Amino acid sequence: MTADLGQPPKAPVMADVARLAGVSKQTVSRVINGSPALRPATRLRVEAAIERLGYRPNVAARALVRGRTGVIGVISGGRGHFGPSSIQRGVEQAARDAGLFASSISLDEITPELLDGSIEHLRRQLVEGIVVIAGHDDAAEVARRPSLGVPVVLVEGEQGRTRWSVGVDQVAGGRLATRHLLGLGHREIAHVAGPRGWFETRGRLEGWRSELLAHDLRPREPVHVDWSASEGYAAGRELARDPSVTAVFAASDQIAMGVLRALHEAGRRVPEEVSVVGFDDLPETGYTIPPLTTVRQDFDTVGEAAVRLLTEVIDGRTEPSAPRVLPRLVVRASTATPHR
């Protein structure tokens, strides 16, 4: 004897909601789409029926009717790095808050070929626009192309390089870090810069250099490394041999952590002999030895600004826009007045 397992329960449809609420399907549709032209009692009755039945609107069908999918694409470069991954989470949360779906792609590296392939993949998903989280020259060149077919907002893009971008004011962040060290009395401030080709690298370096020049100090040659602690360590070993250096501004917290270890191994005490400032405010920076002074970026606000700008562009905004979020300095125990 064969057991009758039965059929899976049928998902409720709009007609079921209308029948239970005692209204037409058109009225149910108006409730779902937020139409204000409804009596409050009717709206409440329909919403109660939706809740009781567990009805979920057919998103694809609604998109066809409205000519909108409600889906945006998100491309993030530098998978595993704190900044891009934090901004990606901020964008995805902001999209959910705005009632949008986010389809995300994370890339290990940024190249025109990978970006082109990612954009085409998202276009096949009928996204209405794309947020690209990659402050890199290659990303700017791709985002500038008029043939993309969908609007693109570049996060951490250099102002003037693309039509629409958002990001942190990196120059202001570099100036904050350097001004803090100058205020403590440091005059020989080294900068361990990020890799070439990144807008964040150029902005932070410009802030450091311009603040020194404003105080009639000649900037020394910056040391360029990638964003890793290992290369920060290598740069720190070289700087530890120079007794004239009393402060180091590192372009990221990971770089700064490498510098801290190198100085410790060389017997250069932090902050008694050398002060160190990072950039990003990683969760770990409050637990290094000593706790790291750093420049905090508000990644959630950047994500919200990116989604807000993208939705404005989707809705018809045409003029260029590049809002910037101000960073702030977080002072901890890695910086102090230099010992004479």
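1. **How to read it.** Local features here rest on residues with a pLDDT of at least 70, side-chain atom pairs count only at pLDDT 80 or more, and totals for chains, interfaces and linings use all residues. Residues are numbered from 1 along each chain as its sequence is written, and side-chain values use heavy atoms, with hydrogens and water left out.

2. **Confidence.** The pLDDT (the predictor's confidence in each residue, from 0 to 100) averages 91 over the protein, and 94% of the residues score at least 70. Take care with residues 1–6: pLDDT stays under 50 there, and the model gives them zero contacts beyond four places in sequence. A contact means heavy atoms within 4.5 Å. Where pLDDT is low, predicted coordinates should not be read in detail.

3. **The six-stranded sheet.** Helices (H or I, at least four residues) and strands (E, at least two) are DSSP runs numbered from the N terminus, and two strands pair if DSSP finds at least two bridges between them. Six strands make an open sheet with parallel pairing, in the order E2-E1-E3-E4-E5-E11. Strand E2 (101–107) and strand E11 (324–325) each have a single partner strand, so one side of each is left without a neighbour in the sheet. Two bridges link strand E5 (residues 165–168) to E11, and Val168 has Val325 as its bridge partner in E11. Helix H6 packs on this sheet, where H6 touches strand E1 (71–77), E2 and strand E3 (130–133); the direction of H6 makes about 160° with that of E2. For such angles, axes are lines fitted to C-alpha atoms, for helices over the stretch in contact, and the angles run from 0 to 180 degrees between N-to-C directions.

4. **The four-stranded sheet.** Another open sheet, also paired in parallel, has the order E7-E6-E8-E9. Its edge strands, E7 (223–224) and E9 (275–277), each pair on one side only. Strand E8 (residues 247–250) is joined to E9 by three bridges, and Phe249 has Val277 as its bridge partner in E9. Helix H11 (residues 253–265) packs on the sheet and touches strand E6 (189–193), E8 and E9, with a direction about 165° from that of E9.

5. **Pocket and cavity.** On a 1 Å grid over the protein atoms alone, a cavity is a set of points where a 1.4 Å probe fits but cannot get out, while a pocket is an open set with protein on both sides within 12 Å along at least five of seven lines; lining residues have an atom within 4 Å of a point. A volume is the space filled by probe spheres set on the points, which are joined across faces, edges and corners. The largest pocket has a volume of about 380 Å³. Of the 26 residues that line the pocket, His81, Gly83, Pro84, Glu200 and Trp227 are the closest to its centre. Helix H5 (82–97) gives the most to this lining, with four residues. The structure holds one cavity of 30 Å³ or more, and H7 gives the most to the lining of the largest cavity, with three residues.

6. **Backbone details to check.** Most residues other than glycine have a negative phi, and most peptide bonds are trans. Val270 and Pro271 are joined by a cis peptide bond with omega about 5°; Pro271 lies in the loop between H11 and E9. The bond from Ile289 to Pro290 is cis as well, with omega near -5°. Leu126 has a positive phi, near 65°, and sits in the loop between H6 and E3.
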